[in-house]
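I opened this one to go through a chain, a helix and an interface, in that order. My notes follow below.

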Amino acid sequence: MTTYIIRRLIQGVVILILMSLIVFFAMRLLPGDPLVIFMGQQASSGAMSEEAMAGFRHEYGLDKPIMVQYFTWIGGVFEGHLGKSIYYHQDVGALLRQRFPITLHLGLEAFILSNVIGVLLGVLAGIRRGTWIDAVSTTIANVGVTVPVFWLGILLIYVLGLKFHWLPIYGYTSPFTNFWMSFKQSIMPVFCLAITGMAYTARQTRSAMLEVIRQDYIRTAWSKGLRERTVIMKHALKNSLIPVITLLGIGLGMVFGGAVLVETVFAIPGVGRLLVTSVFSQDYVAVQSSTLVIAAIIIFCNLIVDISYGWFDPRIRYA
Amino acid sequence: MTEKSTTLQDFTEAPPRVSEWQRFRRVLFQRKLVIFGLVILSLLIISAIFAPLLAPGDPYNGNLADSLAQPSWHYLLGTDIQGRDTLSRLIYGARTALIVGFVTTIFAAGLGMLLGLFAGYFGGIIDTIVMRAMDALMGFPMLLLALLISAVLGSGLQNVIIALSVATLPGYARVMHGLTLSVRENDYILAGKAMGSSSRRIMFNHIVPNTLPPMIVLSTLQLGSIILAEAGLSFLGIGIRPPGAAWGSMVYDGYRFLISNPVLSFAPGLAIMLVVFAFNMVGDGIRDALDPRLRGIL
């Protein structure tokens, strides 16, 4: 097991280095100059002198050879310095520290919601196959997989925000500042972030449940006279969750992918929004570093998911 | 005597042999949702091909005097800020969605299949390099990957197709890799090798045809996700930008006028959802129809 974890960690580091190279050099291929874009957004654009530009270029290390730039950046990353954003004029580490809790707060709520409701819907649909519960659950799953999340967000804003005035239509408040406001503001974004994952989990749980309840040991459990709840919860559910766990890792990716769109719709200052703004302003350092941090988190979580298989299914042993 | 008559009865009552194609059609058309999906896709294809004939107005050049017109007999779905007819843009948007969906799938599936095939067939260092690179790409959510690539390439139809092809490529490569590894172990491959067939012949004449059914299913199911991702990119302003007609950017444009003209945002979003739903349903149908394990059940 320890050997497996060490091997996976080394693999993870290799993948991260590969990603850092791809992102770093890809960003350099961009036509255009981030400094010019940044200056263009300042009121006193145009009139920027060559010397001042050169000064800026020197300040951000953009005058150095490209390989030196890469090693300076990656060396800094290993020391915990993610570099300075050209657009925000701030340390990327500081920017991420401000924004990460926001994405994490909404993402975690969405992740829990999608898995709890997804599994519940899947189990109900599986054990009550062919009934109205199955029909409702399957419909929700089909809609969840197909709906564009940004459009769902707009739809919710229109109905719940603009028509009924039940919920605030944009923004983010920390739950430590104003819990009630934070809760109200997070309902729509969390639902949008959760819907796709919920749909996939429900579909996967349903088919796994249908597979498991046909097994001999479930018949044995029934014939022992156990209650339905015991048969389903203790015998069927644990075994049908194994394929669902694979989705947990993918679900996490979906939360980050969805964050880009949902944070744009609801004007939430999270990591997704940071990434979109940085891409538009060609803010090399911000894009590189936030991409690397997101990739590291996803790789780490996938490792945890893979290790947890062993707990759910003792037949799986890693060598 | 009894034994003999039973055998005879079994023989006479055996179902008539049906060809694979007949079974495929029967299973595919069995489910109402698949037929619904096929109808939607037919409408989409017709709109895309005959867009100039079907569109009531000019999708690219509007009449500024009619800016933000409400739905009426003249403009069935109203007009956007530039005075362009929403229905016409919706019809032309079908073209964009279809082109992006199909061309991306062809590129990604073609290249992904080749990479997976070579990695799986030759193994060793090629396998390690190709599959680790695919793992690196796969560790990243599709939309984020496409976003980064689009950032490098810029917006526009061609660049969106390249970005989405690279983002979906690893999935195809991984499935093809697995299929190649399992097909490679069959006796007929060994027989081919014993007869002195070249690697190229074994790969393209024996392995590829045996991996096609699952690859077709994967491609159909991926089409929906590709269209959804393209809509996402266009919504963010990185994909296809106005005046180009793309449903994602239409949703974004309409979003600014949500209070006065909600239909500007609602109509293209509904179109995206319907088309993705249709591709998913048809994909599910094809999967069931091609699945050999369901033979005799369906």
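Predicted model: local features only at pLDDT ≥ 70, side-chain atom pairs only at ≥ 80, totals over all residues.

**Notebook: chain B and its neighbour**

I started with contacts inside chain B: of those with a separation of 6 or more, 68% are between residues 24 or more positions apart.

Next I looked up the secondary structure. Chain B comes out with twelve helices and zero strands, and along the sequence I read the pattern α-α-α-α-α-α-α-α-α-α-α-α.

Then overall dimensions. The C-alpha trace of chain B spans about 85 × 55 × 30 Å along its principal axes. As for burial, 44% of the 298 residues in chain B are buried.

**Helix α10 of chain B**

α10(B) has 38 residues, and a straight helix at 1.5 Å a residue would reach 56 Å, but the end C-alpha atoms are only 45 Å apart. Where does α10(B) bend? I found a bend of about 45° at Leu212(B), with a proline, Pro213(B), following within four residues. After α10(B) comes Gly237(B), and I noted that its phi is positive, near 90°.

I also picked out Ser199(B), which sits in helix α10 of chain B. Is Ser199(B) buried or exposed? I counted 12 other C-beta atoms within 10 Å of Ser199(B), so Ser199(B) is exposed, as the cut-off for that is 12 or fewer. One more distance: Ser199(B) and Asp291(B) are 92 residues apart along the chain, and their C-alpha atoms are separated by 28 Å.

**The A/B interface**

How many residues of chain B are in contact with chain A? I got 30 residues of chain B, in contact with 32 residues of chain A. On the chain B side, the elements giving two or more residues are α6 (124-138), α7 (142-153), α10 (199-236), α11 (247-255) and α12 (263-290).

**Confidence in chain A**

Last, I looked at the partner chain. Chain A averages a pLDDT of 83, and 91% of the residues score at least 70. Which elements of chain A have the lowest and the highest mean pLDDT? The lowest belongs to helix α2 (residues 34-41) of chain A, at 62, and the highest to helix α7 (residues 149-163) of chain A, at 94.

Definitions and conventions. Residues numbered from 1 in each chain as written. Chains lettered and ligands numbered in written order. Contact = placed C-beta atoms within 7 Å. Buried ≥ 20, exposed ≤ 12 C-beta atoms within 10 Å, placed from the backbone. Expected span 1.5 Å × (residues − 1). Bend = angle between axes of the 7 residues up to and from the residue. pLDDT = per-residue confidence, 0-100.
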